[in-house]
Amino acid sequence: MESTLHISHIDESLMRSLESLAEKEHTSVEEMVRRYLKKLGGNGSPPVPIDPSKSNRRSVIRKLSGAWSEEEAREFEDATAPFRTVDESLWK
């Protein structure tokens, strides 16, 4: 079964970027977007390339988590900070 998806309110800048990418791939914007959506596949999460050498911990967490804001990532970091501390007395 096929469905139709209409996306409105795409600004000019984004559309130009999509057209440029499609041109580089020698395909249409529609086909390129369709392939990208197929790649989403099983878990529904888009692939997020992360280069740890260029990313700090907060940006890596934000990228892996999906749509976290800077504030949400900071809250997560603060809430999980105790887990990054080793209690030396437990290892004696």
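This briefing walks through some helices, salt bridges and a pocket in the structure above. The model is predicted, so local features need pLDDT of at least 70 and side-chain atom pairs count only at pLDDT 80 or more, while totals for chains, interfaces and linings use all residues. Residues are numbered from 1 along each chain as its sequence is written, and side-chain values use heavy atoms, with hydrogens and water left out.

**Helix α1**

- Helices here are DSSP runs of H or I with at least four residues, and strands are runs of E with at least two, numbered from the N terminus.
- Helix α1 covers residues 12–24, which makes 13 residues. From first C-alpha to last, α1 reaches 18 Å, close to the 18 Å expected at 1.5 Å a residue (the expected span is 1.5 Å times one less than the number of residues).
- At the start of α1, a side-chain oxygen of D11 comes to within 3.2 Å of the backbone nitrogen of S13. For a polar contact, two N or O atoms must lie within 3.5 Å; within protein, one must be able to donate a hydrogen and the other to accept it, and residues adjacent in sequence count only if both atoms are side-chain atoms.
- After α1 comes H26, which has a positive phi, near 55 degrees.

- Which residues of α4 (residues 70–80) are buried? They are A73, E77 and T80. Buried means under 20% relative accessible area, exposed over 50%, and partly exposed in between, using a 1.4 Å probe and protein chains only.
- Seen down the axis of α4, these buried residues fall within an arc of 80 degrees, so they line one face of the helix (the arc is that of the directions from the helix axis to the C-beta atoms).
- D78 and A79, on the other side of α4, are exposed.
- T80 counts as buried because its relative accessibility is 16%. A polar atom of the T80 side chain lies 2.8 Å from the backbone oxygen of F76.

**Salt bridges**

- A salt bridge is a side-chain nitrogen of Lys or Arg within 4 Å of a carboxyl oxygen of Asp or Glu. By this rule there are five salt bridges.
- R16 and E12 meet in a salt bridge at 3.3 Å, N to O. They are four residues apart in helix α1, so about one helical turn separates them. R16 is partly exposed at 48%, whereas E12 is exposed at 63%.
- E31 forms a salt bridge with R34, with the closest N and O atoms 3.0 Å apart. These two are three residues apart in helix α2 (residues 29–40). E31 is partly exposed at 27%, and R34 is partly exposed at 36%.
- E30, E31 and R34 are linked in a network of salt bridges.
- E77 and R84 also form a salt bridge, at 3.3 Å, N to O. E77 is buried at 8%, while R84 is partly exposed at 38%.

**The largest pocket**

- The largest pocket holds about 440 Å³ of space. Of its 14 lining residues, those closest to its centre are L5, I7, E30, V33 and L37.
- A pocket is an open set of points on a 1 Å grid over the protein atoms alone, where a 1.4 Å probe fits, with protein on both sides within 12 Å along at least five of seven lines; lining residues have an atom within 4 Å of a point.
- Helix α2 gives the largest share of the lining, five residues.

Technical notes: Grid points are joined across faces, edges and corners, and a volume is the space filled by probe spheres set on the points.
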